[in-house]
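Please look over the sequence and the 3D structure shown here, and keep both in view while you read.

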Amino acid sequence: MTLRGEVRLRGIEAIRPLLETRHVELAGRVTAACAGTIGSRAEARDDSEARREARTLLTVMAGERLYEPIRSGDVRALCLIREVVAAADPLADAVFALQALGGTSIAIAGTDAQRARWLEAICGGQAMAAFAMTEPDAGSDVAAIRTSARRDGHGWVIDGDKHLISNAGIADIYVVFAVTTAGTGHRGLSAFLVPAETPGVVFAGPQLLAAPHPLGRMRFESCRVPSDALLGEVDGGFRLGMMVLDTLRPTVGAAACGMASRALVATLTHATSRRQFGEALASFQLIREKIGRLATELEAARLLVYRAAWCRDTQRGRITLEAAMAKSFATEAAQRIVDEAVQIAGGIGVLVGHPVERLYRAVRALRIYEGTTEMQRLIIADQLLKPVDD
């Protein structure tokens, strides 16, 4: 990637040993798509516009065949897509992330009929997915989920409230986590596929983020679903949820790297073109030190991300430790990189509409969703302290 003069930012060559030829080809195709149909779109101005734009982006990305790796579970491909898409349009990345969460849940635990009905629709862009796990009193503590699902005849009846749900109110299919065996904590959770048109599925209102994003509350009021709505095994919801998050946490790190890459490109461009005290900013040692530090953090983050993805693709087992390291380091590094990009840009960096200002609003949530940084560090410690024979 060439900027002004000889200023360069390392790209796919830095992670090439962890990729296969198909990934390099995919990266080129996604980069071209984002330069055209995705990256040129204006940021949504409010929640209503963000909801309309999210549905449009769903179709746009389907037209570019970006959802295909969800079906095959190619995590390196998912990471490459999210890295490029997040750099181009954070809202498009959010849409892609939810397709991956819903689709991966079905790919892992779905029956043949569920895959035929919903996985194909998600990968084809005909159905928008949502992942309904979080509740007002159940964030990091998944065992505190109160939404319940009770057997009733040949089906289930779901009751409860969810919040901070991406695509709430606009999704076509919700992966809903609910208690099926009370009093057993996380061991009593199950997952269900609940179509949006099911009676009792209620959009309870939007929740507004600093960066426009279709977030909101969902309520399930005596929501009756058939027995084949169960995703996976009864009381197997926690294990499924953790498997899905293990698989996709590296992609959150990839999205963070994408946002950080764009911020660093903006910084390099600004530093080489902006003059202060008669010299380009890039000539000052303080600025050069920042650039050197930020570029190193970005490269370290990308290597952790693609190492975790490589482990998942080649070893096909759980990557709990690798995913937690990748997600926690990459999102924290991205926050620092974007923050420094704003600082180096100065006053224009906080003007609404400036690229780094938009990234500043968008990058913050990545340190929280799909497991906070603090929880990831506890996971890392737990993995390292686990007895060898476990």
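**Cysteines, helices and backbone angles**

Cysteine 257 has a relative accessible area of 1% and is therefore buried, where buried means under 20% relative accessible area, exposed means over 50% and partly exposed lies in between, with a 1.4 Å probe and protein chains only. The model is a predicted one, in which local features need pLDDT of at least 70 and side-chain atom pairs count only at pLDDT 80 or more, while totals for chains, interfaces and linings use all residues. Residues are numbered from 1 along each chain as its sequence is written, and side-chain values use heavy atoms, with hydrogens and water left out.

A disulfide is a covalent bond between the sulfur atoms of two cysteines, and the test applied here is a pair of cysteine sulfur atoms within 2.5 Å. For cysteine 257, the closest cysteine sulfur belongs to cysteine 79 and lies 8.8 Å away, which is too far for a bond. By this rule the count of disulfides is 0. Cysteine 223 is also a buried residue, because its relative accessible area is 0%.

Turn next to two helices, bearing in mind that helices (H or I, at least four residues) and strands (E, at least two) are DSSP runs numbered from the N terminus. The axes of helix α4 (residues 75–88) and helix α5 (residues 90–109) come within 6 Å and cross at roughly 150°; such axes are lines fitted to C-alpha atoms, for helices over the stretch in contact, and angles run from 0 to 180 degrees between N-to-C directions. This crossing makes α4 roughly antiparallel to α5, since angles over 145 degrees count as roughly antiparallel, under 35 as roughly parallel, 65 to 115 as roughly perpendicular and the rest as oblique. Among the residues that make the contact (heavy atoms within 4.5 Å) are Leu78, Ile81 and Val85 of α4, together with Pro90 and Phe96 of α5.

Glutamate 53 sits in helix α2 (residues 47–63) and counts as buried, because its relative accessibility is 13%. Leaving aside residues up to four places away in sequence, glutamate 53 touches Arg41, Ala42 and Leu91.

Most residues other than glycine have a negative phi. Asparagine 167, however, has a positive phi near 70°, and its place is in the loop between β3 (155–166) and β4 (173–179). Serine 222, which is not a glycine either, has a positive phi of about 45° and belongs to strand β7 (residues 215–226). Asparagine 167 is buried, at 2% relative accessibility, whereas serine 222 is exposed, with a relative accessible area of 51%.
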